[in-house]
Amino acid sequence: MASLDSRIIESPSPAIDVPATTLPRYIRALASERGHQLAIIEGHTGRRLSYAELDLQIGRVAAGLKALGFEPGDTLLMVAPNLPEWPVMALGVLAAGGVMSAANPASSTEELARQMRDVGARFVFTTGNLRQSVRAVAQAAGGATLIVVGSPDGNDVSYDALLACNGPEPQLPEAPDALAALPYSSGTTGMPKGVRLTHRTILANLLQHIAQWTEPEGTRGRCVLGCLPMYHVYGFSVLTLTTLVEGRALVTLPRFEPEMFLKAIQDFRITHLWVVPPLLRFLLQHPLVADYDLSSIKRIGCGAAPLDRDLEKRVADRMGCVVVQGFGMTESSGVITSTRPGHERAGSSGQLLPGTQARVVDPATLSDVPRGSAGEIWFRGPQAFLGYHNAPEATATTLTSDGWVRTGDIGYFDDAGYLYVTDRLKELIKVKGFQVAPSELEALLYTHPDVADAAVIGRADERCGEAPVAYIVPRRALDPDGLKEWVAQRVSAYKHLADVVVCPAIPKTASGKILRRDLRSMDAQRKEKA
């Protein structure tokens, strides 16, 4: 489809109609038609939930929240690993007119408290083994009601009590443009920020992606493994919600463990996997893989971080299935490009979703570059976020006045509209698909009494994709291992420093901006000499 504006790259597929409804109403209407068809299986226990039960439980959670005093516009924070209750609770919050935000259950106390305060969470959903730490954070952040999977303790509310509520469901008007979710992302730079997504933006992206991704033979009999964390937009929207809208069966795993992961694929005859590059490398290299029957896998989709073309092909050859890439960001409600069945191109992240437009822009001049030349990828479409929560300056930096979202990723489109992502303009470090903002770790390092100056970069790592490395100018004698441990006590595991390098000065511009490209070059030379 040619554009009247030669700068703009169009999707090869026409835009789709997005119903003017809310996400839970759309999903529940589909679920009610599917009856006893299997919706969710807890992978490590075999516990099962049908689509009829999914519909019923979403309604009961909404009613139970209403009885607790939850009001439209209230925010509930999810702090839990993947389990069948996770999507039920999240959709129940939305059915009650609320907003769902989610945090990594391995977040540090400071990280969790910061997010809890920022979203103004009055309620928190968690599990029994996390209850004590989450309760302490909730009290420090101003207080919130805990809803716990498992036996209640003190003033906590049992999740089962919500399901047992016999009160009426909230009767709310259709509000497709109401705020639905506040997932946290570092955006193109800086500290994590709440990304404002509405029912319409999420539902639009689900339907766009399904229109592009689904095989011609349909979805019945398909079984999807839910190993990617649901607190991340990739795990929640792209994997979980897409699976439920399509009517497939979702097998949840609370975490990645090699044997549990492989056994679930074998025992439940998983047909579709959503992964990040380190999981592909695991499938290619780990000796345990040969001990399991993984022949049921038909298609693997990979995203969240750049994927080497050779790795993509080698995994496809070993697994005997199709391996494809997609490209997206939290600010796109999940997906911008994906690969249509039968239109695979090795190394490509696929083509623009229906109704999505893109530009490729020179980051320095903001002028569009010729087709086939690399530049910063910008996109525009119905899945675009509304802006960042409580961060107008960051919103203005990322979202243009005419609706273009600056992704911070460098790449190019070929003549057929296939995207190839080649680099990142933004400074984020991608660790196993998770975003680590250098500025966040640097701000923490500056508080250490022995640190005079600091800069954090990503170092290529075969297992993690990238690993955070700190270059430190010390005030006095400094123990690198001790500093690594000090940081580890204050941040999530994926933000742990892989290395601390003591140096006499950090390379910077005259205005004081860290020259990360120079630092990365120095780091590469240092590794070569080691």
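1. Let's start with the pocket. The largest one holds about 1100 Å³ of space, and bear in mind that this is a predicted model. Its lining runs to 42 residues, with Phe256, Val431, Lys432, Phe434 and Tyr494 nearest the centre. Helix H8 (233–246), helix H10 (277–285) and strand E27 (465–474) are the elements that give two or more residues to that lining. H10 gives the most, with five residues. By class, the lining of the largest pocket splits into 27 nonpolar, nine polar and six charged residues.

2. Next, the packing. The largest nonpolar core has 99 residues, and Leu65, Leu76, Trp86, Met89 and Ile147 are the members that touch the most others. Helix H3 (residues 85–95) supplies the largest share of this core, eight residues. Take Met89: leaving aside neighbours within four places in sequence, Met89 is in contact with Val61, Leu65, Leu76, Met78, Phe125, Ile147, Tyr159 and Leu162. Apart from this core lies another, of 35 residues, including Met260, Tyr292, Met319 and Val323.

3. On to salt bridges, where the count comes to 30. One of them joins Arg406 and Glu376, with the closest N and O atoms 3.1 Å apart. Arg406 sits in strand E22 (residues 405–413) and Glu376 in strand E21 (residues 375–380), so far as sequence goes 30 residues apart. Both Arg406 and Glu376 are buried.

4. Arg476 and Asp450 also meet through their side chains in a salt bridge, at 2.5 Å from N to O. Here the pair links two loops: Arg476 is in the one between E27 and helix H14 (480–488), Asp450 in the one between helix H13 (438–445) and strand E26 (451–461), 26 residues apart. Arg476 counts as partly exposed because its relative accessibility is 47%, whereas Asp450, at 18%, counts as buried.

5. Asp499 and Arg526 make a salt bridge at 3.6 Å, N to O. Asp499 lies in strand E28 (residues 499–502) and Arg526 in helix H15 (residues 516–529), so the bridge ties together parts that are 27 residues apart in sequence. Asp499 is buried, with a relative accessible area of 18%, while Arg526 is partly exposed at 39%.

6. There is a network to look at as well: salt bridges link Glu111, Arg114, Glu440 and Lys495.

7. Last, a look at Ala140, which lies in helix H5 (residues 131–140). Ala140 counts as exposed because its relative accessibility is 60%. The C-alpha atoms of Ala140 and Asp310 are separated by 49 Å, and the two residues are 170 apart along the chain.

Key:
Residues are numbered from 1 along each chain as its sequence is written. This is a predicted model: local features need pLDDT of at least 70, side-chain atom pairs count only at pLDDT 80 or more; totals for chains, interfaces and linings use all residues. Side-chain values use heavy atoms; hydrogens and water are left out. On a 1 Å grid over the protein atoms alone, a cavity is a set of points where a 1.4 Å probe fits but cannot get out, and a pocket is an open set with protein on both sides within 12 Å along at least five of seven lines; lining residues have an atom within 4 Å of a point. Grid points are joined across faces, edges and corners, and a volume is the space filled by probe spheres set on the points. Helices (H or I, at least four residues) and strands (E, at least two) are DSSP runs, numbered from the N terminus. Ala, Val, Leu, Ile, Met, Phe, Trp, Tyr, Cys and Pro count as nonpolar, Asp, Glu, Lys and Arg as charged, and the others, Gly among them, as polar. A nonpolar core is a set of buried Ala, Val, Leu, Ile, Met, Phe, Trp, Tyr and Cys residues joined through side-chain atoms within 4.5 Å. Buried means under 20% relative accessible area, exposed over 50%, partly exposed in between (1.4 Å probe, protein chains only). Contact means heavy atoms within 4.5 Å. A salt bridge is a side-chain nitrogen of Lys or Arg within 4 Å of a carboxyl oxygen of Asp or Glu.
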